[in-house]
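Keep the structure open as you read.

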Amino acid sequence: MKGTLAQVRSYERSVQLLMVNQFTINLGFYMLMPYLAAHLSGTLGLAGWVVGLVLGVRNFSQQGMFLVGGTLADRLGYKPMIVAGCVLRTVGFATLGLVDSLAALIAASAATGLAGALFNPAVRAYLAADAGERRVEAFALFNVFYQAGILLGPLVGMVLTGVDFRVTCLVAAGIFALLSIVQIRALPTRRADDSKGGKEGQDRDGVLAQWRGILANRPFLLFSGAMIGSYVLSFQVYLALPLEVRRVGGDGEFGTAAVAALFAVSGLSTIVGQTRVTAWCKARYEPGQALTRGLAAMGLAFVPLLPASAVPVPDSGVGLWLLAAVPPMLAALLLAVGTMIAYPFEMDTIVRLSGDRLVATHYGLYNTICGIGITLGNLLTGAALDAAREAGMPALPWICLCALGLACAAALYGLRRADRLTTRAAEPQHVTA
């Protein structure tokens with residue numbers, strides 16, 4: 001940990017603040033969101049479809065507005081969008097704890113989603129700009145702070161929700177309010193740099209012309225499509241792996257503890273190992289090679305579940321506990337390793353494929369593409385889990401997920417061999433739209 005903090009101190013103040021900001025953003029978000037569904041269905045007594053609607057609105061408003069948020073960051077500056085997102089999430093989280101009407105809950109949920117769409121692309125573009133040639137290492141450190149927030153947030157939320165969910169909402173809102181003030185006072189103003197002519201060069205193009213230019217950037221779109229699988233696979237820590245734990249171990253206290261251990265393994269391994277893994281990979285591989293190996297590792301993460309699915313499930317005892325917990329935890333660990341390998345080079349590749357131009361807009365479109373992919377991938381994963389249960393073939397989902405990871409790794413290998421991971425975006429035509 002001392003080594004990690006020493007690395008953080010070696011960056012400019014803006015980069016240090018962005019990392020601490022991301023930890024705080026995830027702390028506030030994850031102390032509330034895991035308990036929102038229980039509050040809506042339990043305390044407020046809403047029907048299941050209404051709970052799904054409220055949660056779905058948040059996800060849709062975030063994924064659907066990433067491109068807009070990135071575009072605004074490139075045109076107005078990174079700091080205003082980061083601050084605006086934090087202020088909006090302050091209002092949204094406070095509202096979720098204070099209202100009980102459906103219309104107000106939907107509005108608050110939409111606000112929290114839009115907030116993420118505003119600050120996520122801006123934070124990553126700002127970090128890439130100020131880290132400069134060290135952005136691979138900066139994104140590795142960024143992921144450490146990111147995962148630390150995810151790990152600590154639910155623990156804090158569990159304590160606060162034990163008192164009252166409204167307390168959780170107000171504390172989370174207070175965190176974002178404090179974060180807004182700190183960023184207004186301490187975060188330096190940063191506009192997007194345009195190597196093709198600065199801010200004036202960007203403004204000569206209308207928004208639609210800029211979007212058309214990005215959509216014409218074929219290497220970027222191919223890369224985005226190939227990386228969808230990494231997000232589908234990493235999300236299985238929250239979907240398929242907990243379901244497997246409960247399928248084997250049941251829904252009792254053991255199942256709950258094993259699922260919590262699953263999340264802890266994923267988060268702690270990243271906090272402890274991310275910077276070491278990145279340094280090791282950077283010394284040995286080109287970015288495209290690291291990405292390919294990362295995706296392959298994520299696909300192979302589900303291999304430990306294949307032999308486990310063929311073993312008869314014991315009725316009770318240590319054998320049952322080991323079968324329920326160990327293979328999913330190994331899968332979670334290998335998924336974390338694959339993500340550690342790929343993530344910093346993934347973020348760096350987006351900047352390179354953008355040609356250092358309209359970086360936040362590229363991040364915004366990338367997040368939207370991957371978000372849509374996660375939704376479709378989870379639907380297909382759910383269908384595979386149902387089909388496996390009906391057909392008595394518990395290995396089917398793991399075979400499909402392994403195949404997805406290896407297919408995406410093969411796609412990245414092909415892009416690297418064709419030199420499509422280093423091609424800079426073509427210069428867009430100056431057309432007013």
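The term salt bridge here stands for a side-chain nitrogen of Lys or Arg within 4 Å of a carboxyl oxygen of Asp or Glu. Side chains of opposite charge can pair when their charged atoms come close. Because R247 and E244 are three residues apart in helix α12 (residues 240–249), about one helical turn separates them. Helices are DSSP runs (H or I, at least four residues), and their numbering starts from the N terminus. R247 is partly exposed, at a relative accessible area of 44%, whereas E244 is buried at 9%. For these words, buried means under 20% relative accessible area, exposed over 50%, and partly exposed in between, using a 1.4 Å probe and protein chains only.

A few notes on the source: this is a predicted model, in which local features need pLDDT of at least 70 and side-chain atom pairs count only at pLDDT 80 or more, while totals for chains, interfaces and linings use all residues. Residues are numbered from 1 along each chain as its sequence is written, and side-chain values use heavy atoms, leaving out hydrogens and water.

How many salt bridges are there by this rule? The count comes to five. In helix α17 (residues 359–391), R389 and D386 sit three residues apart, about one turn of the helix, and they form a salt bridge with closest N and O atoms 3.0 Å apart. R389 is exposed at 61% relative accessibility, and D386 is partly exposed at 38%. Elsewhere, salt bridges with shared partners join R135, D348 and R352 into one network.

Now turn to K282 and E137, whose salt bridge has its closest N and O atoms 2.5 Å apart. This pair links distant parts of the chain, with K282 in helix α13 (residues 253–284) and E137 in helix α7, 145 residues apart. K282 is partly exposed at 39%, and E137 is also partly exposed, at 25%.

Helix α7 (residues 135–163) also packs against helix α8 (residues 165–186), at an angle of about 130 degrees and with axes 5 Å apart. The contact (heavy atoms within 4.5 Å) is made by G157, L160, T161 and V163 of α7 and F165, V167, T168 and V171 of α8.

Definitions and conventions. Axes are lines fitted to C-alpha atoms, for helices over the stretch in contact, and angles run from 0 to 180 degrees between N-to-C directions. Helices (H or I, at least four residues) and strands (E, at least two) are DSSP runs, numbered from the N terminus.
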